[in-house]
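Please read the following points with the sequence and the 3D structure open beside you. They are meant as a colleague's notes for someone new to reading such models.

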Amino acid sequence: MFTITAVVEGKRQRDTPAAFVFPGGESQVTVPPALRAQADASSEFRIHALLKSANDVMQLLMLTDALRRLNPAVPVHLDMPYVPYARQDRVCNPGEALGAAVFCKLINDQQYATVTVVEPHSDVTPALLQRVRVIDATAFVQRALSAPAFANGVTLMAPDAGARKRVQALAKQLGVTDVRYAEKVRDTQTGRITETRVPDDIPEQPVLVVDDICDGGRTFLELAAALRDKTRQPIYLYVTHGIFSHGLTELNARYAGIFTAYDWTESAGLDAPVRVNPALAN
């Protein structure tokens with residue numbers, strides 16, 4: 001999903017580029033006529049890109065080139081909420097590539113004026129990206145906590161060691177005093193979770209599991225099962241990037257509610273996650 005914003009005499013004009021994939025798999029992207037007409041008068045371009053596939057990445061590069069051909073003097077900013085390959089931030093096994101470094105070099109080579117990302121997976125990505133601006137999950141989680149379910153208190157739960165620092169910081173900023181941490185053991189060769197441990201002292205109030213990404217959801221399904229042995233309170237889930245590649249059916253069966261800032265499924269209805277990103281409502 002792409003949108004382009006051009007700033008002309010202090011006013012923002014937004015439009016959606018046209019994308020086309022040839023039979024051979026090659027992409028082409030075209031800047032809309034209305035923005036092409038304003039290109040010479042623009043003081044900046046901003047690309048909002050929710051990158052869901054390798055084809056999206058290629059289309060981003062094509063769109064960047066197209067804008068610079070219209071007006072080479074105008075700075076191009078990139079809003080990239082989800083950073084592909086951010087989870088490949090280390091080499092776990094011999095012979096593997098460092099995917100985060102490869103992708104970030106590709107973005108750096110475009111020489112964007114700024115690169116804005118939302119809740120990157122670790123500190124590795126911001127360290128690799130040039131001119132990066134990081135938006136954390138504070139505002140999103142705060143909107144989730146405004147739900148009636150948490151009116152009388154909440155326990156924030158980090159699903160694993162990787163989320164511990166993130167949840168600690170969120171709890172401090174949001175004034176949440178009850179925080180707990182789960183542990184998971186994963187086979188590095190297969191990626192399979194072999195065990196999930198949760199503490200015994202879960203307070204008698206709703207639990208909100210907080211993390212940056214939900215892909216297939218196995219981490220959260222295993223955690224919900226482990227929590228059911230420790231508490232009868234309702235369990236909720238917040239993730240910034242809701243990929244939900246295996247759908248929402250199993251997650252909805254385990255969690256009383258799901259909140260996300262970016263719903264990749266663009267789902268609707270009673271079983272859809274509650275979106276907490278104000279930008280998505282505009």
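1. A polar contact is a pair of N or O atoms within 3.5 Å; within protein, one atom must be able to donate a hydrogen and the other to accept it, and residues adjacent in sequence count only if both atoms are side-chain atoms. By this rule, 9 residue pairs, with both residues at pLDDT 80 or more, are in polar contact across the interface of domain 1 and domain 2. On the side of domain 1 that touches domain 2, the residues divide into 7 nonpolar, 2 polar and 4 charged, where Ala, Val, Leu, Ile, Met, Phe, Trp, Tyr, Cys and Pro count as nonpolar, Asp, Glu, Lys and Arg as charged, and the others, Gly among them, as polar.

2. This is a predicted model, in which local features need pLDDT of at least 70 and side-chain atom pairs count only at pLDDT 80 or more, while totals for chains, interfaces and linings use all residues. Residues are numbered from 1 along each chain as its sequence is written, and side-chain values use heavy atoms, with hydrogens and water left out.

3. The domain assignment, which is automatic or comes from a database, gives domain 1 (2-135) and domain 2 (137-276). Their contact (heavy atoms within 4.5 Å) takes 13 residues from domain 1 and 15 residues from domain 2.

4. Between them, domain 1 and domain 2 bury about 1300 Å², 54% of it on carbon and sulfur atoms; buried area is the accessible area (1.4 Å probe) that two parts lose on being put together, summed over both. Of the area that domain 1 buries against domain 2, Lys52, Tyr82 and Glu119 supply 42%, more than any other three residues.

5. Side chains of opposite charge can pair when their charged atoms come close. Counting a salt bridge as a side-chain nitrogen of Lys or Arg within 4 Å of a carboxyl oxygen of Asp or Glu, the whole structure has 16, and the count between domain 1 and domain 2 is 3. Arg87 and Asp215 form a salt bridge at 3.2 Å, N to O.

6. Asp65 and Arg69 also form a salt bridge, with their closest N and O atoms 2.6 Å apart. Both residues lie in helix 2 (residues 54-70), 4 residues apart, which is about one turn of the helix; helices here are DSSP runs (H or I, at least four residues), numbered from the N terminus.

Terms used: Helix = DSSP H or I, 4+ residues; strand = E, 2+ residues; numbered from the N terminus.
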